[in-house]
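Subject: Structure for you to look through, with notes

Dear colleague,

I am passing a structure on to you, together with some notes that I hope you will read slowly and check against the picture. Please open it first and then come back to the text.

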Amino acid sequence: MLCLWKNIYVSVIILKTASVILIQNTRIYLLPFLTSVSLLLWMVTWLFNAAQLISTGNITQPTAGSQMKVVELTDEQQYMLFAQVFIFFWVYEIIQAVFNYTLIVAVCTWYFTSNQDVRGTFSMSTGFCWAIFYNFGSLTFGAFILAIIWIIRIVFEFIDQ
């Protein structure tokens with residue numbers, strides 16, 4: 001029973017600290033917006049490139065008089081499309097990782113530089129620079145692993161159907 005009350009106390013302290021961070025650093029509200037805009041730009045770019053790749057296939061009409069068309073892709077085009085799907089998930093996860101790391105660095109620098117007398121520094125630009133210059137390899141490797149997991153899940157979904 002004592003362990004339960006200790007966990008509740010720690011949860012209350014964490015929520016109090018999180019609310020103080022949100023109140024003192026209103027710039028934190030920009031981060032989800034910037035993440036969403038970056039991901040939307042990536043999706044639009046990817047869709048444009050995927051449409052260009054698919055448009056290189058041969059278009060055939062399976063039955064006469066029908067409006068349905070079939071796009072036949074060669075083996076090389078299918079491999080390119082598969083690679084493009086993998087790259088979509090990889091870059092998507094890289095963008096997510098960079099912005100999550102930026103948030104983590106901003107909150108940690110604020111927490112460890114503030115005390116009763118001094119308000120901490122909350123620097124999202126520092127987090128972004130650290131993500132790009134110091135930890136980009138680790139972030140891309142983690143995103144690569146997540147992209148592989150996404151592809152495995154998609155393959156299993158196709159097998160299931």
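This is a predicted model: local features need pLDDT of at least 70, side-chain atom pairs count only at pLDDT 80 or more; totals for chains, interfaces and linings use all residues.

Residues are numbered from 1 along each chain as its sequence is written, and side-chain values use heavy atoms, with hydrogens and water left out.

As for confidence, pLDDT is the predictor's confidence in each residue, on a scale from 0 to 100, and the chain averages 87, with 93% of the residues scoring at least 70.

The secondary structure amounts to five helices and two strands, and along the sequence they come in the order α-α-β-β-α-α-α. Helices here are DSSP runs of H or I with at least four residues, strands are runs of E with at least two, and both are numbered from the N terminus.

The C-alpha trace spans about 80 × 40 × 30 Å along its principal axes, and the radius of gyration of the chain is 23 Å, whereas a compact globule of 161 residues would have one near 15 Å. That radius is taken over C-alpha atoms, and the globule rule is 2.2 Å times the number of residues to the power 0.38. The accessible surface comes to about 11,800 Å², and 70% of it belongs to carbon and sulfur atoms; such areas come from the Shrake-Rupley method with a 1.4 Å probe, and for residues only the protein chains shown count as cover.

Of the 161 residues, 24% count as buried, where buried means under 20% relative accessible area, exposed means over 50%, and partly exposed lies in between. Contact means heavy atoms within 4.5 Å, and among the contacts with a separation of 6 or more, 65% are between residues 24 or more positions apart.

An α-helix has 3.6 residues a turn, so residues three or four places apart point the same way.

The C-alpha atoms of Gln84 and Leu53 are 9.3 Å apart in space, although the two residues are 31 apart in sequence. Phe112 also lies in α3, but Phe112 is exposed, at a relative accessible area of 67%, and its C-alpha atom is 49 Å from that of Leu53.

Thr35, in helix α2, is buried at 12% relative accessibility and is in contact with Gln96 and Phe99, its neighbours within four places in sequence being set aside.

Thr140 is buried, with a relative accessible area of 16%, and touches Trp90 and Ile94, not counting residues up to four places away. Ser138, also in α5, counts as exposed at 55%, and its C-alpha atom is separated by 9.7 Å from that of Ala97, 41 residues away along the chain.

Finally, a search of the whole structure finds zero disulfides, a disulfide being a pair of cysteine sulfur atoms within 2.5 Å. Cys108 is in none, and the nearest cysteine sulfur, that of Cys129, is 17 Å away. Cys108 counts as partly exposed at 36% relative accessibility, and Cys129 counts as partly exposed at 36%.

Definitions and conventions. Buried means under 20% relative accessible area, exposed over 50%, partly exposed in between (1.4 Å probe, protein chains only).
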